[in-house]
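Biologist: I have a new model on my screen and would like to learn how to read it. Could you walk me through it?

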Amino acid sequence: MSDKKKILIIQSIHEEGINILKNNSEYEFEITDNLDEENLKLKISDCDGVSIRTAKLSSGVINSSKKLKVISRHGVGYDNIDLVSAKENNITLTITATANAVAVAEHVMFMLLNISKRKDMYDKTVRTGNFTDRNKLPKTIELWKKNILIVGFGRIGKCLIKRCKGFEMNIFAYDPFISKETIENFGGKKVENLSEAVQSMDVISLHVPLNDKTKNIINYDLIKNMRKNCIIINAARGGIINEVDLNKALNENLIFGAGLDVFETEPLNQNNPLLENDKIFFSPHTAAFTEECMIRMGRETIQNIIDFFDKKLEKSKIIKL
Ligand SMILES: NC(=O)c1ccc[n+]([C@@H]2O[C@H](COP(=O)([O-])OP(=O)(O)OC[C@H]3O[C@@H](n4cnc5c(N)ncnc54)[C@H](O)[C@@H]3O)[C@@H](O)[C@H]2O)c1
């Protein structure tokens, strides 16, 4: 029997990550893109470590492992992992903490500019040759001096604020776990009360994890008090915004628009009424999908496993279970 450590890579990653394992004689690995529970139970049974992207890692799968010591999330959110089973089995959970904040922050700016500059409508006008009605086109919106609320001032929130400063926006942050001083040092103002704060915002961007406290944090009751020109961006997790409420509010012209990278169910069902709403700008959970970021995440997810077994894994990359 081989004394090499066996790593299961659930969902393919960038080859630069794979190459780290290929060049390390202490490890062997297998990649699986078959996400059926029975397949994962079988594959995980003799593994020492797992790298996983967005697939669900259920308690059934985790409990099928006989010697699993480390789960390495390719990304930073870990709502797809059964944390109770990971804890019960004394497994360490690690994330690619430093890899994707810039990519997500850029994606938020990309969505925000596309919505405020009415990219889809204007692009269509040119493509259909409909120039004569130019003055009848609705106006675009400037970001200059507009109020933005960053909900969740962690790694991504801190990257986003730098980009918003470039556009000379007034920046506010809601995060009960981050001090006023930290937020002010980054050039923002801390707000204590979310439902009050949203009423004077032009942009609201979500960067909190999905959990019992953040689920449906943006709902109809909150949206109905927002400014009519408000744009909401969700590049965090589906479920943080209540999708039915958002759609209703957009259809009632309560706010200007929304940018959604993530959904309650992914991929988004083709019958979902959100798809009929042209005030929503979509991307398919690709905020961190830049070439550069995929390389960083691919390398980091594997390096975290190796660092764990070498007892060198940084504390900041370990999730307390
Ligand atoms: N769309 C994508 O591809 C993509 C990529 C990366 C991350 N994400 C999502 O973005 C989230 C944020 O990522 P990050 O790296 O900035 O995480 P992070 O842990 O560094 O920051 C999250 C922040 O949210 C705050 N927070 C927690 N609960 C809160 C609450 N109830 N109200 C307000 N603030 C609260 C925390 O204090 C923390 O500062 C992740 O949890 C993940 O779900 C999505």
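**Reading the fold and the ligand site**

Modeller: Gladly! Keep in mind that this is a predicted model. Start with the secondary structure: the chain has 12 helices and 13 strands.

Biologist: How does the radius of gyration of the chain compare with the globule rule for 321 residues?

Modeller: The chain has a radius of gyration of 22 Å, close to the 20 Å from the globule rule, so it is as compact as a globular protein of that length. Along the principal axes, the C-alpha atoms fill a box of roughly 75 × 50 × 35 Å.

Biologist: What share of the 321 residues is buried?

Modeller: Here a residue is buried if 20 or more other C-beta atoms lie within 10 Å of its own. By that count, buried residues make up 37% of the chain. For contacts with a separation of 6 or more, 62% come from residues 24 or more positions apart.

Biologist: Now the ligand. How many residues surround it, and which are the closest?

Modeller: There are 32 residues around the ligand, and the closest are Gly77, Gly152, Gly154, Ile156 and Phe177. By type, the shell has 18 nonpolar, 9 polar and 5 charged residues.

Biologist: Which helices each supply at least two residues of that shell?

Modeller: Helix H5 (101–116) and helix H7 (155–166) do. H7 gives the most, with 3 residues.

Biologist: And where does the ligand lie relative to the domains?

Modeller: Look at who contributes to the shell. Domain 1 (5–99 + 291–319) and domain 2 (101–282) both give residues, so the ligand lies between them.

Key
Residues are numbered from 1 along each chain as its sequence is written. This is a predicted model: local features need pLDDT of at least 70, side-chain atom pairs count only at pLDDT 80 or more; totals for chains, interfaces and linings use all residues. Helices (H or I, at least four residues) and strands (E, at least two) are DSSP runs, numbered from the N terminus. The radius of gyration is taken over C-alpha atoms; the globule rule is 2.2 Å times the number of residues to the power 0.38. A residue is buried if 20 or more other C-beta atoms lie within 10 Å of its own, exposed if 12 or fewer, and partly exposed in between; C-beta atoms are placed from the backbone. Two residues are in contact if their C-beta atoms, placed from the backbone, lie within 7 Å. A residue is near a molecule or strand if its C-beta atom, placed from the backbone, lies within 6 Å of it. Ala, Val, Leu, Ile, Met, Phe, Trp, Tyr, Cys and Pro count as nonpolar, Asp, Glu, Lys and Arg as charged, and the others, Gly among them, as polar. Domain bounds come from an automatic or database domain assignment.
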